[in-house]
Amino acid sequence: MTDKQASLPTKMRQISVTELGQDFRKATEIVEVDVPSPAAAEVLVKCRYWGINASDILFSGGIFRPGVPPPYPVGWEALGEIVATGSDCKLNVGQYVLIFDLGCFKEYHAIKEETCVVVPSLDPGYLSLIISGATASLALKTKGELKAGETVLVTGRDVVVVVVVVVVVVVVVVVVVVVVVVFVDGVVVVVAALGVQLAKLGGCQVVGTCSSQEKATLLKGLGCDRTINYKTEDLDQVLQAEYPVSLNTITFTFIIKCD
């Protein structure tokens, strides 16, 4: 056992659902629980950052676990440092990893090492790659059947959410008609922002809509070939004039909005 492993505390804080409800603050409590010990092929991660998703509210409301009474832990994604390992592990103490596992809103989380994604630092920006990155990739590659040289239309409604939604993959992606332009509405949406970059890497032309010059600049920085400020341009006229071919639309519609 290393010095770092030997110095671990015996207790930790964890966010648990204590009553069902979609008011997350009222439905949850911070409780003290034992720090777990990693089993064979598991690592113990000291979590430093956590991703907040709409799925967390659906879990606190019992929607994803109907019939399962509280209390139970909540949280899907975290970024942290490996502080202990079980037997037969290839990963090492001190490595930084992304984890995707139910119940990781806690200070320490034991998880199978094969499910960890090793990252070079504790940059919280990596958190967007798990749920949001996978959602954007699935939407473009699986639903949109993205191919080099094609153009695709992706729309996402403006929301003020920093890290989004595991349920998007299941219920929010809609595909219509044939391929034309990657069309992203709402630069603040992490899934849409990643969708722009993935579409560019896939060899597509990307059009992004926005409501201000500031957002247009951000979209350009993400790789958009054409930005449309729908406060100063008529969106329908622009699309008809510049992109008259039938559109394949991948729509991101989010069920959570922050005031």
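Mentor: A crossing is right-handed if the near helix is turned clockwise from the far one by less than a right angle, and left-handed if anticlockwise. This is a predicted model, in which local features need pLDDT of at least 70 and side-chain atom pairs count only at pLDDT 80 or more, while totals for chains, interfaces and linings use all residues. Residues are numbered from 1 along each chain as its sequence is written, and side-chain values use heavy atoms, with hydrogens and water left out.

Trainee: Does helix 4 pass helix 6 in a left-handed or a right-handed crossing?

Mentor: Helices here are DSSP runs (H or I, at least four residues; strands are E, at least two), numbered from the N terminus. Our pair is helix 4, residues 131–143, and helix 6, residues 190–201, with axes 8 Å apart. The way helix 4 passes helix 6 is right-handed.

Trainee: What does the angle make helix 4 relative to helix 6?

Mentor: The two pack at about 55°, using lines fitted to C-alpha atoms over the stretch in contact and angles from 0 to 180 degrees between N-to-C directions. Under 35 degrees is roughly parallel, over 145 roughly antiparallel, 65 to 115 roughly perpendicular and the rest oblique. So helix 4 sits relative to helix 6 as oblique.

Trainee: How many charged residues are in the contact of helix 4 with helix 6?

Mentor: Contact means heavy atoms within 4.5 Å. Helix 4 brings residues including Ser132, Ala136 and Leu140, and helix 6 brings residues including Val191, Leu194 and Leu198. Asp, Glu, Lys and Arg count as charged, Ala, Val, Leu, Ile, Met, Phe, Trp, Tyr, Cys and Pro as nonpolar, and the others, Gly among them, as polar. The contact has 7 nonpolar and 5 polar residues, and the charged count is none.

Trainee: How many disulfides does the structure hold?

Mentor: A disulfide needs a pair of cysteine sulfur atoms within 2.5 Å. Cys116 has its closest cysteine sulfur, in Cys89, 8.8 Å away, so that's too far for a bond. For Cys210, the nearest cysteine sulfur is that of Cys224, at 8.4 Å. The disulfide total is 0.

Trainee: Is Asp88 buried or exposed?

Mentor: Asp88 lies in the loop between strand 5 (77–85) and strand 6 (96–100), and its phi is positive, near 60°. Buried is under 20% relative accessible area, exposed over 50%, partly exposed in between (1.4 Å probe, protein chains only). At 67%, Asp88 counts as exposed.
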